[in-house]
Protein chains: 2
Amino acid sequence: MEILVVGANGQIGKHLVKLIQKNDNLQAKAMIRNEEQASFFKDLGAELSIVDLEQDVDAITNAAKGVDAVVFTAGSGGHTGKDKTMMVDLDGAVKTIEAAKNANVKRFIMISSFDTRREAIQTASSSFAPYVAAKHYADEWLRNSNLDYTIIHPGLLTNDEGTGQVELGSNVERGEVPREDIASVIASSLENDTTIGKEFQVVSGTKSIKEALNALS
Amino acid sequence: MEILVVGANGQIGKHLVKLIQKNDNLQAKAMIRNEEQASFFKDLGAELSIVDLEQDVDAITNAAKGVDAVVFTAGSGGHTGKDKTMMVDLDGAVKTIEAAKNANVKRFIMISSFDTRREAIQTASSSFAPYVAAKHYADEWLRNSNLDYTIIHPGLLTNDEGTGQVELGSNVERGEVPREDIASVIASSLENDTTIGKEFQVVSGTKSIKEALNALS
């Protein structure tokens with residue numbers, strides 16, 4: 001199963017490509033912005049596709065052709081300029097969804113943020129609200145796309161080592177979660193079709209990822 | 001026929017409320033951010049609704065209750081901070097669309113920008129692209145809303161006096177158009193149901209607005 005990782009050079013993306021390359025059933029195609037980011041992925045034996053998310057849908061469609069699933073984990077993270085929030089977190093996500101459809105790739109996993117409901121936009125601080133809005137509309141676009149989607153809403157991301165133990169559900173208490181564990185949740189979701197058409201929040205917890213995903217209703 | 005004008009205190013909004021108040025068949029309800037903006041509209045005999053577009057959908061729904069049409073002509077114009085682009089041009093528009101639905105107001109007129117197609121996002125300068133993207137997604141949301149919409153795509157807006165003469169169609173050559181004429185196009189569209197479910201670009205031209213609207217296919 002070949003996976004296009006959009007945002008491969010991000011912190012979650014790098015963990016994810018590593019995990020995919022360790023898994024005999026999976027093969028990563030890392031979508032990165034430029035050749036300078038390539039060596040990390042070449043060393044892992046990943047395929048490469050050099051595309052900037054601000055290019056047009058056709059460029060992303062070409063990257064998606066022939067893969068079995070797309071993971072969108074690109075993101076400005078809310079710390080870049082607000083123009084990037086619009087152009088990457090929203091428009092980049094929507095273009096990737098359209099590219100998956102154009103390339104006939106049905107499976108799509110979106111890394112969203114913890115709470116992207118309408119109420120979360122209203123209650124966010126004025127500096128954070130545009131990011132929440134971008135993720136809200138990107139998620140909404142995916143829900144209405146007819147793709148086999150999974151939307152993952154991680155808690156507060158840390159660089160701690162992954163524990164493989166999570167709490168996961170439609171409404172969990174806000175908390176931290178290592179990026180490495182989010183990468184594991186993505187990899188496990190790719191191999192678990194019960195996650196199709198679902199979305200869930202994830203924080204650190206006490207269940208194995210496999211067990212937690214299987215318990216999704 | 002009562003019309004909620006969202007963005008009444010903008011330059012097009014002020015022209016529009018004036019035109020509506022001069023028309024015996026129409027009555028304006030000006031949605032403005034604060035009481036300090038009220039006197040202009042009170043002097044015209046318009047009703048008032050004090051709501052900030054960054055408030056929640058319920059606040060806008062309350063403003064829309066009982067009116068016959070909503071006109072969205074609020075906008076950061078691409079010159080404010082990029083956070084306003086997301087929160088007003090996109091999220092404010094979508095909230096207003098949702099408010100119209102909640103208040104059972106079917107008729108909705110959107111003042112968009114000249115070209116909001118996907119290609120226009122890609123070819124815009126990096127500083128203008130987020131604004132084009134915001135308008136693109138707002139228009140798309142409206143098209144999928146089941147409301148009786150009209151989307152007006154004005155050319156380069158000027159403060160020249162209106163001439164009442166326009167060119168109008170799905171694809172006209174880019175050019176200038178006075179804000180006062182755009183207000184006239186909005187007012188005429190409110191009284192012309194052939195504009196329902198349609199969208200068009202408008203620049204200055206040689207046809208009367210009524211004639212140009214009736215010629216829409």
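Predicted model: local features only at pLDDT ≥ 70, side-chain atom pairs only at ≥ 80, totals over all residues.
In chain A, 23 residues are in contact with 23 residues of chain B. The area buried between chain A and chain B is about 1800 Å², and carbon and sulfur atoms give 74% of this area. On the side of chain A, Met86(A), Gln122(A) and Tyr137(A) lose the most area to chain B, together accounting for 31% of what that side buries. Ten residue pairs, with both members at pLDDT 80 or more, are in polar contact between chain A and chain B. Three helices of chain A, namely H4 (82–102), H5 (118–123) and H6 (129–143), each supply at least two residues of the side that touches chain B. Of the elements of chain A, H4(A) gives the most to this side, with nine residues. By residue class, the side of chain A that touches chain B divides into twelve nonpolar, three polar and eight charged residues.

Salt bridges were counted within and between the chains. Side chains of opposite charge can pair when their charged atoms come close. Over all chains the count comes to 18 salt bridges, and the count between chain A and chain B is two. Asp91(A) forms a salt bridge with Arg118(B), in which the closest N and O atoms are 2.7 Å apart. Asp91(A) lies in helix H4 of chain A and Arg118(B) in helix H5 (residues 118–123) of chain B, so this pair joins two chains. Asp91(A) and Arg118(B) are both buried. Together with Lys95(A), Asp91(A) and Arg118(B) are linked in a network of salt bridges.

In chain B, the side chains of Asp91(B) and Lys95(B) also meet in a salt bridge, with an N to O distance of 4.0 Å. Asp91(B) and Lys95(B) are separated by about one helical turn, because they are four residues apart in helix H4 (residues 82–102) of chain B. With buried defined as under 20% relative accessible area, Asp91(B) counts as buried at 0% relative accessibility, and Lys95(B) is buried with a relative accessible area of 1%. A further salt bridge is formed in chain A between the side chains of Glu35(A) and Lys42(A), at 3.1 Å from N to O. Lys42(A) counts as partly exposed, at 48% relative accessibility.

Helix H7 of chain B was then considered. The twelve residues of this helix (residues 179–190) should span 16 Å at 1.5 Å a residue, and the end C-alpha atoms are 17 Å apart, which agrees. Ten of the twelve residues of H7(B) are buried, so the helix is largely enclosed by the rest of the structure. The buried residues of H7(B) are Arg179(B), Asp181(B), Ile182(B), Ala183(B), Ser184(B), Val185(B), Ile186(B), Ala187(B), Ser189(B) and Leu190(B).

Val70(A) is placed in strand E4 (residues 69–72) of chain A and is buried, with a relative accessible area of 1%. Not counting residues up to four places away in sequence, Val70(A) touches Leu4(A), Val6(A), Ala64(A), Thr96(A), Ala100(A), Val105(A), Arg107(A), Phe108(A) and Ile109(A). The C-alpha atom of Val70(A) is separated by 15 Å from that of Ser184(A), a residue 114 residues apart from Val70(A) along the chain. Ser49(A) is placed in strand E3 (residues 47–50) of chain A. Ser49(A) is buried as well, with a relative accessible area of 11%. Leaving aside neighbours within four places in sequence, Ser49(A) is in contact with Lys29(A), Ala30(A), Met31(A), Ile32(A) and Ala63(A).

Finally, backbone angles were considered at two loop residues. Asn104(A) is found in the loop between H4 and strand E5 (107–111) of chain A. Phi of Asn104(A) is near 60°, a positive value in a residue other than glycine, and Asn104(A) is exposed, with a relative accessible area of 68%. In chain B, Asn146(B) is found in the loop between helix H6 (129–143) and strand E6 (148–154). Asn146(B), likewise a residue other than glycine, has a positive phi, near 70°. Asn146(B) is exposed, with a relative accessible area of 66%.

Methods: Residues numbered from 1 in each chain as written. Chains lettered and ligands numbered in written order. Heavy atoms only, no water. Expected span 1.5 Å × (residues − 1). Buried < 20%, exposed > 50% of the residue type's maximum accessible area, 1.4 Å probe, protein only. Contact = heavy atoms within 4.5 Å. Buried area = accessible area lost by both parts, 1.4 Å probe. Polar contact = N/O pair within 3.5 Å; in protein donor to acceptor, adjacent residues only side chain to side chain. Nonpolar A, V, L, I, M, F, W, Y, C, P; charged D, E, K, R; others polar.
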